[in-house]
Amino acid sequence: MLFALVLLLTIGCIAFILSRGTARPEGLRGWLRARGWGLLLLPVAMSAAAMAGGAHGLIPAELGLAVLAIAFAPELAAKLVPYGVLGLAGFGLHLAKRYRDGFTNPVQYVFVHAGPDTWRGGAPPVLLEAGVLFVTGLWLLVRVDAPGAVLIRALAGRWLDNGRGGISAVQALLLVPVVGLAMQLLGPGNWFGIGAVDGLDVAVIDLAVATAALVLIFRLRAWAATVAVAGLLVLGTYGWLIAAFWPAVPGFAYGFSDLGNNSVPSPLWSDALQGSLLLALGLWLTPRVMRHHLAGAPDPELAARARQLTQRVQTLTKTRHDAVDTAVAELRRIERDLHDGAQARLVALGMSLQAAERLFPVNPQAALALVTEAKETSSRALTDLRELVRGIYPPVLADRGLADAVRALALDTPLHTELDIDLPSPAPAGGHAGPGTAGGHAGTIDMPVAAAVYFAIAEALANAVRHSGARTVRIHLRHEAGALRAQVTDDGAGGADPAAGTGLAGVERRLATFDGILAVSSPPGGPTIVAIEVPCALSSAKTSSC
Amino acid sequence: MRIVIGEDLFLLREGLVKLLSAHGFEIVAAVATAPELLAALVDQHPDVGIVDVRLPPTHTDDGLRAALQARAQVPGLPVLVLSQYVEQLYARELLADQAGGVGYLLKDRVFNDDQFTGAIRTVAAGGTVLDPEVISKLLDRHSRTEPLTRLTARERQVLALMAEGRSNAAIAQRLFVTEKAVSKHAAGIFAKLDLAPSDDDNRRVLAVLAYLES
């Protein structure tokens, strides 16, 4: 009792130290925190020592080794912990078996003080604790990434993968208690009076059954659940058989009732009750498990497709959200520009004309000056509108399509530009369009895609002019391998940070609506390369990502 | 002077007709679509065709292409292209045949009717008139490079006005200097840019533009 308390206190302290935030305080607590999971080696060693040294004794040498490992090889200590816990679990199995075989000495098994005065000779509590330790050991193995963790992860990862025919992990895991119950009832050594099988044979048979159960659970989850349910039905029926015909039916122990050690039958109502519970559970689960078999095995291709579609929907949801945001922001900008620009100028124009009208009979000279002013205001209003229209949809892009729009863009750039444009027709090299091309001005590239790529190139060029100090800019624009690719390279100073400005981020969002991507490479010293790629620019199907 | 107008917006077309009639021009045809415009230009052979870039049927650059086609069929046919916006790309295409008789102006230049009718007459006479916005973009392109950086501020002004297609007299009037001063500046510019001097206004414009577009 005292030992269990000390052990609990130790583990509680370790949990407290490990759980306190991420910042590492100085001093003893910091030092302890830095040991991490390795600290758990201490309670493990304490437990082992308590077991080896009898009920109350501790072996200082063992504890000392653990402390040394924790202090000087914390990494190694952490990796040793899961194996220590698994070792304790293994010893628990051995101990439970010995208790069942009539061993009566008291032993401190981790938290439990087992002995003849314990429930049914000490075997069940030790077995229970060994099970908990086994699971904890496996969990720690993965947690500290000790050797062997990969194996556990591979098995559990595949097993925990969702969407395997609707059989839940719990249903498959049911096989563990069912097998346990069956082994207890008709285990080797008790099997139809075969008896007198020695310990090694028993261990081999136990191991084989356990392995088969594990393989079923991990690799064939649906079959594990099926066998578990069938087992429940058989075991439940067996409870009624015991209640009706004992001792004519074979058996060693049925659940909570001990059959083997009693010469007189145990209270039969408890067997009937246990059998009823198992039967009820089995019957309740039967349709749930059978539904899976009736529905047929899940098609892995369908599952993969479902995953793909889910991902696609996520992407589309996000890009649609961005697109709507961008569109609203754009409309607001246009509204503001109209309000402060052309609209205001038209108001001023009207006022000038009004004043001119009033002045005309009195002072024709002043009225004339006002009319001249009105004319200039109208000119400025037009200039404002022209700038606005360029930002909405550049006229050359509407007239001629992407290739010529980029050529026009290059002409308006105050840098030396080199163009390498290869787009599907029509993209008349010299500029003159023949009569045959009328009607196909945007080429076969979708207009929205063309606009997005145009503004992306415009932004890259503007950045080159503003920041790079470049003399020459090269623009590559071509359609190849089913994708529209553009590349803007300048010979400037480089070192551009794409995350710094908002311009390229906006461009990136706009391109994402078409599954397009933008990449910037700008090492210090240059060159700066902005690369743009939009798949499927020629198709109008918006549902596929190609 | 006989004029063909290609403009699809009724208000603007009628406005142009009224304005030009008031200035004594003879409007031989005022049409609303590119095919009609091409037919009118080729058949009527006007002294100047005034053309809106954006025309039916596709409402893109049909007007510009009709003008280019007409000039391909009737070399040197004078056209003055009007647009809500000006593009260097289109200016290049208009100037590409080196035949002169080309104008390219923003629509709002019509507000200044003296300047506008002056431009019509220049184009009719085989001259070249480019919108100041095109020229300022052209100059921007070269503003950082030699030898344009060697020009004085005044010389730049003169260069821009020359490129727009103005005569020495017009430039002198605009800058409030004498014509002699302008020709001195022009000589200085041609020397600095290493261009062969020319007294012919149109050739001078083409030389300057060719230089700027290089």
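**Exercise 1.** How many residues of chain B are in contact with residues of chain A, and how many of chain A with chain B?

*Solution.* The model is a predicted one. Step 1: count both sides; 19 residues of chain B are in contact with 21 residues of chain A. Step 2: look for the elements on the side of chain B that touches chain A. Those giving two or more residues are α3 (62–73), α4 (88–95) and α6 (132–142) of chain B. Step 3: find the main contributor, which is α4(B), with four residues.

**Exercise 2.** Which residues of the largest nonpolar core touch the most other members?

*Solution.* Step 1: this core has 102 residues, and A:V453, A:Y454, A:A456 and A:I457 touch the most other members. Step 2: ask which element supplies the largest share; helix α17 of chain A (residues 447–468) does, with 13 residues. Step 3: take A:A456 and leave aside its neighbours within four places in sequence. A:A456 is then in contact with A:A486, A:V507, A:L511, A:L518 and A:I532. Step 4: apart from this core lies another, of 34 residues, which include A:A78, A:V85, A:L95 and A:A114.

**Exercise 3.** Is B:K180 buried or exposed?

*Solution.* Step 2: B:K180 has 10 C-beta neighbours inside 10 Å. Step 3: a residue is exposed if the number is 12 or fewer, so B:K180 counts as exposed. Step 4: for a distance, take B:A169, eleven residues from B:K180 in sequence; their C-alpha atoms are 9.1 Å apart in space.

Terms used. Residues are numbered from 1 along each chain as its sequence is written. Chains are lettered from A and ligands numbered from 1 in the order in which they are written. This is a predicted model: local features need pLDDT of at least 70, side-chain atom pairs count only at pLDDT 80 or more; totals for chains, interfaces and linings use all residues. A nonpolar core is a set of buried Ala, Val, Leu, Ile, Met, Phe, Trp, Tyr and Cys residues joined through C-beta atoms within 7 Å. A residue is buried if 20 or more other C-beta atoms lie within 10 Å of its own, exposed if 12 or fewer, and partly exposed in between; C-beta atoms are placed from the backbone. Two residues are in contact if their C-beta atoms, placed from the backbone, lie within 7 Å.
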